[in-house]
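Subject: Structure handover

Hello,

The structure follows, with my notes below it. Please read the notes with the structure open.

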Amino acid sequence: MSNISLSLDEIYELAKKTFSNNGCDDETSKIMADLVMKAERDGSISHGLFRVPAYISGLKSGKINGKGKPNVKTITPSVIKVDGNNCLAPVVLKKSIPELVKLAKENGIAVLAITNSHHMAAMWPETEAVAEHGLAAFACTSYKPAVAPAGAIKPLFGTNPISFAWPRKNKPPVVFDMATASMAMGEVQVAKREGHKVPLGTGLTKDGKETTDPAEIADGGVLLPFGGYKGSGIAMMVELLAGALVGDNFSYETAEKDNNDGGPPSGGEFILAISPEKLSNSDWDTHSLKFFEKMKSMGDVRLPGERRHKNRLDKGPRYINEDLVNKIKSLS
Ligand code: NDP
């Protein structure tokens with residue numbers, strides 16, 4: 001397996017051309033190319049070029065609208081409802097986050113309730129974008145069933161990522177962004193291919209037994225949430241916030257409606273923005289910086305998001321799997 005070197009501009013141009021030649025208008029192509037380039041730049045490689053073939057499958061089958069425009073409606077001083085009109089989530093976010101930021105700054109808190117959009121990306125782009133405006137942000141979305149609730153042996157939850165970002169006045173926000181599954185199924189498949197074991201608690205066999213054998217999880221078994229019943233509670237919360245609360249599907253309903261073309265299914269997303277300026281009545285920035293310093297003084301501690309932000313400083317080329325690049329070129 002060999003890698004080839006691509007500059008960040010080349011990554012952007014390859015992605016833009018591919019989206020553009022597969023039914024996306026110029027605006028959507030540019031938004032998606034920017035997302036893909038930034039994921040590669042930050043080292044979020046599982047959500048950069050790697051996801052392009054799946055996006056293209058969804059565009060080709062017609063379930064994703066590459067030329068659509070989301071409908072953004074402010075329905076109360078702090079609630080924005082967005083009908084994604086089957087656009088890709090980054091397009092929906094580009095249109096709706098400025099309104100979320102405006103309302104959260106005015107009112108102290110605001111919520112973005114997104115429906116009918118297609119999310120398969122990392123979630124830090126949205127929380128980080130909100131926190132860059134001095135706001136704390138939380139976002140989550142569901143997917144299709146892959147994870148068994150604690151006590152079950154069949155999947156019900158998606159891998160249901162959650163992201164939280166905290167603003168810092170003269171530094172990048174502190175951001176965590178994680179799936180609520182113990183491990184991505186892709187990583188389980190890699191462990192199977194390479195003959196490695198996975199930690200107990202990663203998943204179950206098809207008969208519901210605990211196992212460290214990735215093959216038993218990947219071939220008919222199921223993933224578990226991280227942290228047992230605690231992660232299960234968080235994954236359940238994601239289903240409720242990104243499903244019933246915003247007026248969209250639970251993961252199992254998403255699966256019933258999806259055409260299984262491999263592209264991201266239609267679903268909801270929940271984003272919350274809160275203004276520390278309005279809530280704290282104190283020097284929240286200095287206060288939280290002291291807290292982060294204390295954390296980092298305690299040994300081998302790093303803040304979530306630091307790896308990506310360090311990668312971001314490197315403006316040089318990225319080394320991308322050659323087969324993947326050739327596959328994307330064949331789609332463009
Ligand atoms: P990771 O387990 O790799 O990382 C989770 C978080 O922990 C990151 O914010 C990471 O920061 C931080 N972190 C990692 N190691 C440390 C450490 N030693 N100390 C402190 N913080 C640390 O992510 P996942 O595999 O769970 O998820 C990967 C991506 O997949 C996410 O972007 C998620 O949004 C996406 N995803 C998207 C889905 C969708 O449907 N759209 C579904 C499921 C996942 P850093 O980035 O700086 O390493």
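Helix H11 (residues 284-296) has 13 residues and reaches 18 Å from its first C-alpha to its last, close to the 18 Å expected at 1.5 Å a residue, where the expected span is 1.5 Å times one less than the number of residues. Helices (H or I, at least four residues) and strands (E, at least two) are DSSP runs, numbered from the N terminus.

This is a predicted model, in which local features need pLDDT of at least 70, side-chain atom pairs count only at pLDDT 80 or more, and totals for chains, interfaces and linings use all residues. Residues are numbered from 1 along each chain as its sequence is written, and side-chain values use heavy atoms, leaving out hydrogens and water.

Trp284, Asp285, Ser288 and Phe292 of H11 are buried (under 20% relative accessible area, 1.4 Å probe, protein chains only). They lie on the same side of H11 because they cover an arc of only 95 degrees around the axis, taken from the directions from the helix axis to the C-beta atoms. The face turned away from that side carries His287, Lys290, Glu293 and Lys294, which are exposed (over 50%). The buried residues of H11 pack against strand S6 (162-168), strand S7 (171-178) and helix H10 (276-280), contact meaning heavy atoms within 4.5 Å.

The ligand is surrounded by 20 residues (a heavy atom within 4 Å); Asp177 and Arg307 are among the closest. Its polar contacts (N or O pairs within 3.5 Å) include a nitrogen atom 3.2 Å from a side-chain N or O atom of histidine 119. Another entry is a backbone N or O atom of alanine 121, 2.8 Å from a ligand nitrogen atom.

Regards

Key. A polar contact is a pair of N or O atoms within 3.5 Å; within protein, one must be able to donate a hydrogen and the other to accept it, and residues adjacent in sequence count only if both atoms are side-chain atoms.
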